Structure formats: structure tokens, C-alpha cells
Amino acid sequence: MAPSSRGAPPAPFFTSGGDAASADVGTGRRLILISHHFPPGQSVGALRWQMMARYAAERGWGLDVVTLDPASHREGVDLSRLDELPPGVRVYTVPLVRSRVEGMVNRTWRIVRRLRDVASRGRRRQPASLAAPADEAPRRAAPAYMSRGELMGKRFEPRDLLRTYFAWVEVDLTRRWAHAAADVATRIARRGVHRAVVTSGPPHMTHEGGRLVATRTGLAFVMDLRDPWSLSERLPEFVASKYWYRTAARYERRALRRASLVVSNTEAAARALRARHPDAAERIITVMNGCDEEPMPRRTADGRLPFVIAYAGTIYLDRDPRLLFRAAARVVRDLALTPADLQFRFMGQNEGYDVVAVAREEGLGDGFVLQSEPRPRRDALRFLADAALLVSLPQDSEMAIPAKVFDYAQFDAWVLALVERESATGVLLDGSGADVVAPKDVDTMEGVLRTHLAQYRRGERPRALNAEGRFSRRTQADVLLNALDRITR
């Protein structure tokens with residue numbers, strides 16, 4: 001392993017606990033992590049390894065992270081999250097660089113859009129009918145998702161050509177980033193100090209970067225799949241194409257052949273991956289997300305609050321609160337409630353979905369539903385602290401567990417999960433005290449709301465689902481770190 005073969009190591013963007021010298025890698029053992037999502041990025045995907053870094057440090061692992069440049073983050077950055085990292089973590093950043101072909105198409109689209117605007121002047125401007133990951137490219141007013149089954153069973157239509165193009169753009173963009181990240185990681189790697197390269201996706205092309213580093217350096221390679229790759233149950237509509245799945249399958253096979261350890265974040269996803277890759281089955285383990293050992297914000301005095309039903313996260317088509325609003329409207333009508341008695345509060349992006357308007361359509365008038373913009377994690381936790389009931393909205397990914405469920409489990413609040421009991425989330429919450437309700441079962445939703453509203457009015461309060469440590473991230477981290485010890489010994 002000769003890091004100098006690709007140039008001297010770059011200077012880190014950030015070193016926790018001091019300057020770069022304080023994280024000298026001359027002693028100890030270290031990991032290289034390649035992940036788009038890591039602080040200062042504030043997406044939910046950044047949380048897994050931000051927290052995992054703490055437990056790795058306790059076990060004597062240092063961490064060198066290659067992540068997305070802050071200027072390339074769409075979700076924004078939260079520099080305060082860097083201060084939460086354990087000492088000795090070094091963060092290196094790599095920007096996204098778009099291809100010339102994509103730039104040419106975007107410029108062409110801007111011209112077409114201007115011409116269309118001129119032609120439609122005087123008429124109501126219609127939303128763009130296209131969508132793409134590039135900021136300049138066309139987008140849908142309300143992004144949609146397409147299931148794998150729906151995609152594979154449909155007939156060809158002209159829009160499939162556009163989806164294939166945008167899938168190519170996404171794959172090409174993340175592949176080129178992975179190659180650049182692999183170059184940085186190779187320059188960082190030091191013989192006898194770094195023991196493994198870990199990749200965390202999505203975006204899953206990150207794993208191609210880890211495969212390259214492992215091949216160049218001989219390091220053990222650990223693939224951490226926060227969501228399924230070729231087995232993804234749904235895709236954003238604008239990239240939903242057979243090309244995307246074929247490419248995912250090809251790169252997934254290459255990465256698994258090289259990987260020393262493959263990590264899924266639910267057992268359902270791990271079982272599906274073992275069935276797809278039986279030759280790698282013994283190297284596939286499950287490491288879920290979990291609840292972190294951090295103080296939770298205190299609730300505002302109950303006497304000032306209505307019965308607050310809260311949700312923190314993005315709202316889009318498959319995470320639809322419409323039927324929950326319908327159930328709540330029945331309770332509001334029957335009990336003659338006002339917003340001073342019951343209130344929905346949402347925090348997060350609203351991708352073309354107007355929750356206030358939808359609530360009004362279902363019979364909840366002004367004041368019953370409040371919407372606020374996304375905020376940094378600390379603010380989101382304070383937002384959740386005032387809820388009497390925390391809700392996890394439906395999703396069409398049965399193998400995934402929303403990370404917010406583990407945040408919810410740390411608050412003294414009732415938790416309502418709108419999922420099927422056989423889903424990964426339903427299995428996780430079985431016997432925990434959470435209310436698990438099928439996404440279309442409006443009658444049961446109504447019953448849950450009535451029951452907990454009555455309890456709240458009587459002054460009853462629940463205990464946090466994780467009060468006994470049932471969902472501890474430390475326990476999950478031990479599974480991963482024990483496996484790391486085995487493959488790097």
C-alpha cells in the first residue's frame with residue numbers, strides 16, 4: 001500500500017479535537033469511510049456514521065472520512081454537527097462535478113424553457129413536465145415515485161427515454177464522484193495504520209469507490225447499505241428505468257465480490273440480499289440504526305399545549321397523511337374540538353404536497369395543521385419534544401425502517417406507525433407499545449386518536465419506547481465493530 005503513488009495526502013477540511021497534527025495517524029488503527037452523507041451535511045443519512053464514529057472511537061478506531069463538499073449539499077449544512085464528533089476524526093471533502101454532456105443538455109433546456117415562456121405569455125404558466133437532479137434541469141411540480149413492479153410491468157412510452165437519460169445522469173455523476181473520492185482515500189491510506197475502507201450508501205455508486213480503494217491498497221472492504229441497491233423497492237419517477245436497475249445490479253455484483261463484509265440496515269433487506277447473492281450470504285450481516293445516548297429536549301409545560309400530533313420529515317406522494325387527516329376530522333367533529341384541543345404539526349420539505357390544503361379537503365379547518373420549514377437536527381428534536389403523539393407516515397418500502405422511528409422512540413410520547421405489521425418497521429415495533437396501523441385502516445386510526453386524546457386529557461403520559469434501551473444504537477454498533485475486528489485481525 002503506497003499512498004504516495006497518487007500524490008501526497010490532501011489537507012483535511014476539518015479535524016475534530018484540534019488541528020490535523022492532533023489526529024496523527026502514526027499510532028493506533030484507523031478506518032477510511034467514503035460516504036456522500038456525513039457532517040457538516042444535515043441529511044438523515046449523515047446521522048448513521050456521525051453516531052457510529054463515537055462507538056468506534058471507544059473501541060480504539062480512528063476515522064478518516066471522505067464526504068461531499070459542503071458547497072454540493074442540497075439539504076444545506078450544519079457546521080455545529082462537526083463539533084459533536086469524537087476527537088481524531090478527520091473529514092476530507094470532494095465536490096460534485098457535472099459532465100459536459102449534462103451541462104449542454106441543461107443549457108439547451110434553458111433555451112427551450114425561455115422559448116416556451118414567450119409562447120405561453122399571457123396564459124397561466126404550466127409546471128415543467130420533466131424532472132432531473134441538476135439544479136438547472138426541468139423538474140416536476142410534485143415529484144413522484146415508481147415501484148419496481150410497476151416499472152418492470154409497464155409498456156414502453158416516450159417518457160421512458162427521458163427517465164433513462166436522467167438515470168444515466170445520476171449514475172454518471174455519482175460514479176465520477178466515487179472515483180474522485182477513491183483517489184483521495186488512496187492518498188490518505190497508510191500501511192499498518194488503516195485497516196479497512198467502509199462505504200455507506202445511497203448513493204450506492206459510493207461502493208464502487210470503496211472497491212477501487214480496496215483493490216489498490218489491499219484494505220478490507222466493508223459495504224454499508226443504508227437502503228437496498230439493486231433490490232430498491234421504488235425509485236424517484238424521473239430516474240425510474242430498467243437502465244437504472246441493470247446498472248445497479250452490475251455494480252452491486254462487482255462490489256460484493258470484493259467486499260469482506262456487507263451490512264444491511266434491516267433483516268428483511270439482508271434476507272433479500274442473501275437470496276440475490278447466495279455466494280456472499282455468509283458475509284452479509286444486519287446492523288440497524290438505533291437510538292443514541294443523547295439528552296432529549298424537555299417538553300413545554302403541558303398546560304400550554306393542545307394534543308399535538310407531530311411529524312418531522314419530507315412529505316411526498318407515498319408518505320401521505322390524507323387518511324390520518326380523515327380520521328382526525330371525525331374526532332374533531334364528534335367532540336367539537338378546536339385547534340386549542342388538537343393540532344397537527346409538520347416540519348420538513350413539502351415536495352409539491354400542500355398538507356394544509358389536503359387537511360382542509362378532509363374536513364380539518366384553519367389552525368388544525370401547521371407546517372414549518374426543515375431545520376437542523378437540534379431544532380427538529382425540540383420540535384418533536386412537544387408532541388403527545390408522533391406519527392410515522394406510510395411508505396412503500398417494506399424493507400426499510402425510517403430513521404425517524406428511532407428518534408421518536410426516545411420521547412415520552414405515543415407513537416403511531418402507519419405500516420403493515422409484516423413490514424420491517426412493523427416487525428421492529430411489535431410488542432414495543434407503539435400503535436402499528438395499516439396505512440388504509442381509517443377506523444383504527446380514529447380509535448387510536450380517540451384513545452390517546454382521552455388519556456392526554458386525563459393527564460396520562462406514556463414512557464418512551466426506548467426507556468429500557470430496547471432500540472439502542474450502541475448494541476447495533478457492537479455488532480458492526482465486532483465484525484470489523486474479525487475481518488481486520
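**Grounds for the assignments**

Modeller: The crossing of helix 4 and helix 5 is right-handed. The model is a predicted one.

Colleague: At what angle do the axes of helix 4 and helix 5 cross, and how close do they come?

Modeller: The axes of helix 4 (residues 159-188) and helix 5 (residues 206-217) cross at roughly 35° and come within 8 Å.

Colleague: What makes helix 4 and helix 5 count as meeting?

Modeller: Contact requires heavy atoms within 4.5 Å. Residues of helix 4, including Trp 177, Ala 178 and His 179, meet residues of helix 5, among them Leu 212, Val 213 and Arg 216. By class, this contact has six nonpolar, five polar and three charged residues.

Colleague: How do you know that strand 12 and strand 13 pair?

Modeller: Pairing requires at least two bridges. Four bridges join strand 12 (residues 342-347) to strand 13, so the two count as paired, and they run parallel. Within this pair, Phe 346 stands opposite Gln 371 in strand 13.

Colleague: Why are strand 13 and strand 16 said to stand at the edges of the sheet?

Modeller: The open sheet has six strands in the order 13-12-11-14-15-16, with parallel pairing. Strand 13 (369-372) and strand 16 (435-437) each have a single partner strand, so one side of each lacks a neighbour in the sheet. From one strand to the next, the twist averages 20°.

Colleague: Which helix packs on the sheet, and which strands does it touch?

Modeller: Helix 8 (residues 322-335) packs there, touching strand 12, strand 13, strand 14 (389-392) and strand 15 (414-418). The direction of helix 8 makes about 160° with that of strand 12.

How values were computed:
Residues are numbered from 1 along each chain as its sequence is written. This is a predicted model: local features need pLDDT of at least 70, side-chain atom pairs count only at pLDDT 80 or more; totals for chains, interfaces and linings use all residues. Side-chain values use heavy atoms; hydrogens and water are left out. Axes are lines fitted to C-alpha atoms, for helices over the stretch in contact, and angles run from 0 to 180 degrees between N-to-C directions. A crossing is left-handed if the near helix is turned anticlockwise from the far one by less than a right angle, and right-handed if clockwise. Ala, Val, Leu, Ile, Met, Phe, Trp, Tyr, Cys and Pro count as nonpolar, Asp, Glu, Lys and Arg as charged, and the others, Gly among them, as polar.
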